[in-house]
Amino acid sequence: MTRSYLYVPADRPDELRGAFDAGADAIVADLHEGLAYATKDESRRNTVSWLDGAPPPGGDSPECWVRINSDDRTIGDLDAVVHPRLAGIVLPRATLSRLGDLEETIAYLENDRGVESRSTRIEATIDSAQGVLDAVALANHPRVDRLAAGEADLTAELGVKPTASGHGLWPLRMQLVVASAATAIAAPVGPAHTDRANLANLRSTSQELAAAGFGARPAIDTTQIRVINEVFTPTPEDVAWADRLIADLASRTDDGLGGFTDATGSMVDEAVVRRARRIVADARQYA
């Protein structure tokens with residue numbers, strides 16, 4: 001499971017190559033709006049060169065993703081980057097209609113490039129009102145690996161004023177958590193933290209997101225990676241608690257009992273232990 005996605009502008013080839021050693025679970029070559037239009041062709045070439053030199057997928061190296069554009073450059077971006085070593089596409093302005101329009105192109109390019117059918121995954125960025133309405137349908141799409149919160153564009157469209165508490169954003173965030181859980185895909189990716197220097201706030205807001213059911217966060221600077229990985233990895237204390245609960249329930253079930261009261265006086269049953277099993281499974285992935 002991916003905890004951290006390091007975004008690197010695709011017009012910086014040296015940074016793309018160096019990103020493999022930064023400690024992120026995934027690297028995202030970013031072709032999106034932040035790049036000057038005049039650099040688009042060079043940025044695509046940089047991305048293809050980066051993919052050509054990337055380690056084969058499935059090992060211990062970070063996954064390679066690309067964030068494409070949401071305007072008339074979309075098809076050109078896809079034509080450039082669908083590649084055997086590409087894990088997936090970060091799709092901004094994701095809606096069910098938009099993904100449906102692109103599906104035929106992606107399938108054609110996979111076949112043309114010798115890429116396994118439907119192996120190009122999609123991280124659907126929910127950054128529009130229609131995207132929020134389509135969240136469950138997007139999560140159900142066979143290509144969609146994960147939903148992600150794109151809050152800068154979303155708040156602008158909705159007229160929601162961002163605050164330190166994120167009060168107006170939490171109802172929208174929880175829709176992504178519910179959609180992901182209902183369709184059994186990975187827990188969603190939280191919003192980027194744009195204050196690069198404030199790692200304390202990055203940690204506290206990431207902890208809030210993790211507690212609410214998010215499973216990852218983007219990094220826009222290499223200094224953010226360690227904090228994100230730590231927050232979205234179960235702690236040894238969490239794992240010890242989970243192991244103990246699972247073992248306790250198993251022993252009592254073998255004795256013909258169901259729920260029980262633990263040493264702290266809390267009721268424990270199968271519903272509580274489901275969370276414990278998830279913690280243990282997550283910890284094994286990051287071991």
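Modeller: Happy to! Let's start in the sheet, where strand 4 and strand 5 run parallel and are joined by four bridges. In this pairing V90 stands opposite E123 of strand 5. Please keep in mind that the model is predicted.

Strand 5 covers residues 121–126, and five of its six residues are buried, so strand 5 is largely enclosed by the rest of the structure. Strand 4, residues 88–91, also pairs with strand 3, residues 63–67: three bridges join the two, and again the strands run parallel. There, W65 faces G88 of strand 4.

Stepping back to the whole sheet, seven strands form an open arrangement in the order 6-5-4-3-2-1-7, with parallel pairing. Its edges are strand 6 (144–149) and strand 7 (217–219), each of which pairs on one side only. From one strand to the next, the twist averages 25°.

Now for the packing. The largest nonpolar core holds 56 residues, and W50, V66, I122 and L147 are those with the most contacts inside it. Helix 8 (residues 170–182) gives this core its largest share, five residues. A second core of 11 residues is separate, and its members include A242, V273, I279 and A283.

Leaving aside residues up to four places away in sequence, V66 touches V28, A29, L31, T47, W50, V81, L86, G88, I89 and V90. Two of those names return when we turn to the helices: T47 of helix 2 and V81 of helix 3 both take part in the contact between these helices.

So how are the helices arranged? In general, two packed helices are described by the angle between their axes and the distance between the axes. For helix 2 (residues 40–52) and helix 3, the axes come within 9 Å and cross at roughly 25°. An angle under 35 degrees counts as roughly parallel, so helix 2 is roughly parallel to helix 3. Their crossing is right-handed. On the helix 2 side the contact is made by R44, T47, V48 and L51, and on the helix 3 side by G76, D77, A80 and V81.

Helix 3 (residues 74–81) also packs with helix 4 (residues 96–113): their axes come within 10 Å and cross at roughly 25°. That makes helix 3 roughly parallel to helix 4. This crossing, too, is right-handed. Helix 3 contributes T74, I75, L78 and D79 to the contact, while helix 4 brings R98, L102, T105, I106, L109 and R113.

R93 sits in the loop between strand 4 and helix 4, and has a positive phi of about 55° although it is not a glycine. With a relative accessible area of 29%, R93 is partly exposed. A184 is another non-glycine residue with a positive phi, near 60°. A184 lies in the loop between helix 8 and helix 9 (199–211), and at 70% relative accessibility it counts as exposed.

Technical notes. Residues numbered from 1 in each chain as written. Predicted model: local features only at pLDDT ≥ 70, side-chain atom pairs only at ≥ 80, totals over all residues. Heavy atoms only, no water. Core = buried A, V, L, I, M, F, W, Y, C linked by side-chain atoms within 4.5 Å. Buried < 20%, exposed > 50% of the residue type's maximum accessible area, 1.4 Å probe, protein only. Contact = heavy atoms within 4.5 Å. Pairing = 2+ DSSP bridges. Axes fitted to C-alpha atoms, helices over the stretch in contact; angles between N-to-C directions. Parallel < 35°, antiparallel > 145°, perpendicular 65-115°, else oblique. Left-handed = near helix turned anticlockwise from the far one by under 90°.
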